[in-house]
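Please have the sequence and the structure in view while reading.

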Amino acid sequence: MSLYKFLVVLLFPAVAFSSVGNMAGVKGTVLLNGKKASNGMKLTKKSVIRTKKGSCTLLIGGDVVVHLSDNSLLKVSDYFGNKKKQRLGMNLKFGKMRALAAKRKNKDRKIKIKTRTATMGIRGTHVYIDSPRNPKIPPSFMTIEGVAELKFNNPKKRPPRRNAPTESFDNSGPSIQQAQGDQQGTDQQDSGGPQDTADRAPAADDGVLQGPIPPQPSEEGAFVLRPNEMMKGDDLTQMDRTEVMTMAHSVAPPPPAIHSDHVMNHVEEKGTENMPQFGPGDPEGDQFENAGGPHHEPPQFNFDPILDGGDLVPVRVTFDPY
Amino acid sequence: MRLPLLLLVLILLTGPQSSFADENTDREVVQTYVNYHISQKQYDKAEKRVRDHLADDPNDGERWNLLGLILTKKGDYKGADEAYLTAVAASRGTDKGIYLYNYANSKNKNKRIEEAKRLLNEAKKFDPVEPSATAALSNIIEGEELPKFKLVGPPKWDVDFNTLSGYDTNVQLLARNTLDSIARSDTASPVVILSPSIQYKKDYYHGLLEGNATPSWTYYTNSQVSRFIAYDAAFYAKWTPDLDFEKFKWGLSGKFNITYLSHQFTFYNWNQYFTFESVYQHSARSRTVFNVPIRVQNFQQATSSADERTGFAFGFELSHQISSGKNLFSFGVDFNRAITNGSNFRSYTYNVPLSWSRTFRGFSTSLGLEGGNTWYTESATSRRDLLLNPTAAVVKRFKGGWSGGLNYAYTRNISSVSSASYEKHTIYLAVNYELI
């Protein structure tokens, strides 16, 4: 046996089982490699994370955050990282996730999330993926911020159809045209990945797409998803920003800010478990400004004057889902 | 000489800049990591993470403040002072006031009380920080931590105007009772309700005080015997103590409601509620609500002492709420014991309320179902009622403070006393305009 082979055999376990990150925000029933998971447990490049009635956050490689919703199965399939390069592969067998990858200058990064129909490539991006366990329901891929590449496992797949934007799209995210203009320069310089060759429909004055012109893949067969765009099956839809944020925060709310020492002491002692607001978080968007907020109490009225002592009946005329 | 300068200006104007979207992603990532490191008491790692981030995003005042807090925790007051100073310079408004307070805390811990006082006087200029800064100035002890910081929002007024228009298939002048003096209407009628609603919130005595007043005017338009107007006014106040980040939160509320009816007869009743309200938050997705209401009620009408409904009632309301994606499910049980002056209305009631709500393409939809039993254990007729009450609502909020909703409810009361059995449908369109 050559010295090289000997070293490979000797070092293989250290490489295979070296830590790539940590478990955090573990709530409810979550399994790591089949065993009950807890905060701080180390992730390796062969880790399997299964959430049942619970959820968790994976902190990987120092600048990637993956929030995993309940009833999901995720495998870390590949990892390599040093100061100049980072490669991360994950396989979302089923379930929902929200992933954020911080932008890193001067670092060659390849982060890929595989599902049963397509693989999403991200860098400096915030994305949402929903891959239902039922194989008849196609997975959904959505970009919240930044751009992502989507490559279908079946290369012969026909191009997606472009749907009309969702009705109340409020333009709080960049429009397709703006995104193209803003991103082209940075894409070319930072990502080195395939450019957006999608045949975008012309935008009206308000930046909303007009007409169902299907996007086309790049030479590498990848489609580019821009902010607020969702690909589900063959359908590409420009989503309403409010809905985008509601869906994203349904997987995990944003981390609570620490603005004072007593908040920091609380996080140190009890973690962030009780800090997020109950429910999927407040919707964003213009239509909620000057409106008292979604937790506005509904007014109550007396419909039947003597009905059992004149109990007031709440009337749902305000947005109060939670 | 001019060309390089021009080139420099062009590069600065057109060069690659990280977009706001990328900043948001990067800031959320670093905050998630830092929260984790702090929860693991890894302050060195937290510091390194924030410093790496600030090297790329030097205008992030919130993270400069975070670095200051981490360094204060580590006892590096000099480093903390520099971080707070940068945070203050990079921020404005309330954030600036918060960072000034933290800066003062660091100075005071480092036994530089005069500088701390000067910073607190600066922090006082920001209204939400003013109460904490004033309290700190009057209690400051050199070398010790300043009192717990709390943001105090300004008092807030909300004024709404509501209009409801709909149809009631069976306007209940009397329901679930056997009073003889007033016949049940059994009359279908279009109904119009007009109502302003005034709400007020204010930080008060280590907590939050909320109040609202909702007077309403209801016009039942049906002809002949049943055209009448009901006036109603509800006043509600609630106080909840500051229980930041605690799993168990509670509050005390009081509600007063008075109804006056003008018809061929006049009638009024009033109710007064005192309620202990509490919530136990298991996680961001599930919580249990437990309320203990006590009600005192007064009824003007009674034909006999046995039918006297004036009295009081008490009980509990227990429900569990689960948030899953855009859905919210709620189920629970209510129990109520009514002790009235007249024996015919002394009762035990339990209800099982279920509800589901969901946001869908900007609409808030909800379905509810409530079923329950009431036993009038001392009534002359041994009355027992079974109530079924499904409801549905869809609400849309529009720009400019407008919202509108369509509501439907079916009520079926099956009583062992036939005159107390009834059923009704109500459907109405509600429009709300938020004036303030």
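Which residues in helix 4 of chain B meet which residues in helix 5 of chain B?

## Helix 4 and helix 5 of chain B

The model is predicted. In helix 4 of chain B, Gly61(B), Trp64(B), Asn65(B), Leu67(B), Gly68(B), Leu69(B), Leu71(B) and Thr72(B) take part in the contact. Their partners in helix 5 of chain B are Tyr77(B), Gly79(B), Ala80(B), Ala83(B), Tyr84(B), Thr86(B) and Ala87(B). By type, the residues of this contact are nine nonpolar, six polar and no charged.

Helix 4 of chain B spans residues 61–74 and helix 5 of chain B spans residues 77–89. Their axes lie 8 Å apart, at an angle of about 165°. An angle over 145 degrees counts as roughly antiparallel, so the two helices are roughly antiparallel to each other. The crossing of helix 4 and helix 5 of chain B is left-handed.

## Helix 4 of chain A against helix 4 of chain B

Helix 4 of chain A (residues 261–270) packs with helix 4 of chain B at an angle of about 70°, and the axes are 10 Å apart. The two helices are therefore roughly perpendicular.

Here Asp261(A), Met264(A), Asn265(A) and Glu268(A) meet Leu69(B), Ile70(B) and Lys73(B).

## Chain B as a whole

Chain B holds eight helices and 14 strands. Of its 436 residues, 47% are buried. The chain exposes about 21100 Å², with 60% of that supplied by carbon and sulfur atoms.

Among contacts in chain B with a separation of 6 or more, 51% join residues 24 or more positions apart.

Terms used. Residues are numbered from 1 along each chain as its sequence is written. Chains are lettered from A and ligands numbered from 1 in the order in which they are written. This is a predicted model: local features need pLDDT of at least 70, side-chain atom pairs count only at pLDDT 80 or more; totals for chains, interfaces and linings use all residues. Side-chain values use heavy atoms; hydrogens and water are left out. Axes are lines fitted to C-alpha atoms, for helices over the stretch in contact, and angles run from 0 to 180 degrees between N-to-C directions. Helices (H or I, at least four residues) and strands (E, at least two) are DSSP runs, numbered from the N terminus. Angles under 35 degrees count as roughly parallel, over 145 as roughly antiparallel, 65 to 115 as roughly perpendicular and the rest as oblique. A crossing is left-handed if the near helix is turned anticlockwise from the far one by less than a right angle, and right-handed if clockwise. Contact means heavy atoms within 4.5 Å. Ala, Val, Leu, Ile, Met, Phe, Trp, Tyr, Cys and Pro count as nonpolar, Asp, Glu, Lys and Arg as charged, and the others, Gly among them, as polar. Buried means under 20% relative accessible area, exposed over 50%, partly exposed in between (1.4 Å probe, protein chains only). Accessible areas come from the Shrake-Rupley method with a 1.4 Å probe; for residues, only the protein chains shown count as cover.
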